[in-house]
Amino acid sequence: MNVVTLRNVSLRYGARILLDCADFGVREGDKLALIGRNGCGKTTLLKIIAGLTEADSGIVERVNALKSAYLPQEVPSDLSGKAYDIVAAGFGREGEIAAMVKGNAASAHHGIDEAGLWKTDAKICELLSRLELDPNLDSAKASAGLKRRMLLGRGLAADPDLLLLDEPTNHLDIDSVLWLEKFLKGYAKTIVFVSHDRSLLRNIANRVVESDRGKLISFDCGFDEFMRRRDELLEARERAECEFDKKLKREEAWLRRGVKARRTRNEGRVRELERLRKIRSERISQPADMSLKLQNADISGQKVLEAKNIELSFGGRKIIDNFCATIWRGDKIGIIGKNGAGKTTLLKILLGELSPDRGSVIRGTNISVAYFDQLRAELDPKMRPFDFVGGGGDFVTVNGEKRNVMGYLQSFLFEPAQILGEIGMLSGGEKNRLMLAKLLAKPANVIVLDEPTNDLDMQTMELLESMLVEFRGTLLLVSHDRTFMDNVVNGAFCFCDGGKIVETAGAYEEWLKLKQRQTKAEKTIPAREKNAPSPARRYKLSNKERAELESIPQKIDELVAEQKRLSEMLSDTEFLIKQSREIEKVNARMQEIERMCDEMLERYTELEERQKKL
């Protein structure tokens, strides 16, 4: 049974079509995920389901007496009070309960029975226990993850039939994400959530709906199966549109040849052409992908960074305790830990922006660093994106090519009005894209990314992943996105209790196993001896590197087959005579194939050697 049904619902925002005659239903018991590109209307659809936004047209039906709770993407800036009071507000009786607990029930609730208030108090305490919240925790001192738990508790207080969550993992640390995932798995009511976190989607959703150019693509299956079916559907749609365009082109050519359209036998064909033109004019094109390309920088020395016995404390708390590590050229290192553990602090020490209490960092030769987090401080809300990236000029130089700033930013999917407007008007995802544009305009052989995926959609994250996997330099990455981290890095520095940092050969899976071993042993991992040798070099392949290794032989075979066909063409006398203008293009393509095969063989050898050392 559907608890919410949308029939022929349409909604526009300015010239942008968010929903176009959409039919959609939320079934009782669904754990339904809404996905799609930034700006496609996911949050708007969630608000329509919640009854907070009205559509331009169509019908939205809800079952009688449906109770829903909606948690927005951002934590309200005016959130205040203790965890108990915030959750009690969901019952609407926080003042009465507080007075009762203080022993002044009679004057507080004016005739409402005290037993009912005690019962409500018990429910609040039970809910706080389920949410693993301290009733006395002050929201002003709580992390973003704990604040979200408080708001979730307030929403759950009314025992809603439908729970609506907008980007619930945004800006949460890994412990909070894992807690939320466990909670949602065990939640018995209906859930609709918007998320770009592929691990959460994979582990929670039993149904996925994607918003694509105003239409909704829906399959009753998990995330991975949805992606497979969705890709097949879009490929079929693309083939159909291609055939449609060919037909339209033929009919346009027919009309241009000057056929007497007024003749009776041709009027039907002219009307059909007008119908085809109308269909084509109403088609919404697939949004372009961003152009993510790294600037080439000179190769760094073999040893990039070496940390020796690093220690740092703040306010009597040990942040980093006797950390030793060596980072080699080509290493891709993830840094994992709770919010506040010291991940960004470690990055700043390694980059020389912060001095440790004890120990030293030795930097290698010919290091050129591009640091993502630094750009946040440079984001002046009043500045234009044009000036932020161009540095006051009209051009940027990318891989030796001079490019106009306007065109460069348009390749990152910014519209001219956004490029010349204020940065403060951009969304969180758009600001992250702007910082990536600035970062990639600088040559670098060491890239440092501190939470680059916040607010990015899946398509952009996958493009960023591919770029980082192909990057031949060194990478330091802080991210709470488990799939992103696992696909990119080949080693990790993991923060444990007491400032201990343990090195692993993988990312989150290895870190979780490490935590399980710690819990089982009921003791922390011992620190290295102060003069212990640096850790061995990492050779573990990321998920994407393993897939890349497996795919290279087939790609080389395809290129060799193409090269053979081109060679046969050049040996064909008839081709040389009739297609002489194409000879230069064929020769250029053969040279390109030769270069690509050499690069792939070199990459295959590198990956295979690393795999042998696992």
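**View 1. Thr5 and its bridge partner in a predicted model.** The bridge partner of Thr5 in strand S4 is Glu61, and strand S1 (residues 2–13) pairs with S4 in the antiparallel sense over five bridges. Helices (H or I, at least four residues) and strands (E, at least two) are DSSP runs numbered from the N terminus, and two strands pair if DSSP finds at least two bridges between them. The open sheet of three strands has the order S2-S1-S4, with antiparallel pairing. Its edge strands are S2 (16–27) and S4 (57–62), each of which pairs on one side only, and the twist averages 10° from one strand to the next. This is a predicted model, in which local features need pLDDT of at least 70 and side-chain atom pairs count only at pLDDT 80 or more, while totals for chains, interfaces and linings use all residues. Residues are numbered from 1 along each chain as its sequence is written, and side-chain values use heavy atoms, with hydrogens and water left out.

**View 2. The open sheet of six strands.** With mixed pairing, the strands of this sheet follow the order S14-S17-S18-S12-S19-S20. Strand S14 (369–371) and strand S20 (501–504) stand at the edges with a single partner strand each, so one side of each is left without a neighbour in the sheet. Neighbouring strands are turned by 15° against each other on average, direction ignored. Within the sheet, strand S12 (residues 332–336) and strand S18 (residues 474–478) run parallel and are joined by four bridges, and Lys332 has Leu475 in S18 as its bridge partner.

**View 3. Packing of helices H6 and H7.** Helix H6 (residues 144–156) and helix H7 (residues 174–186) pack at an angle of about 20°, with their axes 10 Å apart; axes are lines fitted to C-alpha atoms, for helices over the stretch in contact, and angles run from 0 to 180 degrees between N-to-C directions. That makes H6 roughly parallel to H7, a term for angles under 35 degrees. Gly145, Arg149, Leu152 and Leu156 in H6 meet Ser176, Trp179, Leu180 and Phe183 in H7, where contact means heavy atoms within 4.5 Å.

View 4. Ala437 lies in helix H16 (residues 428–440) and is buried, with a relative accessible area of 0% (buried means under 20%, with a 1.4 Å probe and protein chains only). Leaving aside residues up to four places away in sequence, Ala437 touches Val389, Tyr408, Leu409 and Phe412. Ala437 and Pro385 are 52 residues apart in sequence and 9.8 Å apart in space, C-alpha to C-alpha.

Methods: Angles under 35 degrees count as roughly parallel, over 145 as roughly antiparallel, 65 to 115 as roughly perpendicular and the rest as oblique. Buried means under 20% relative accessible area, exposed over 50%, partly exposed in between (1.4 Å probe, protein chains only).
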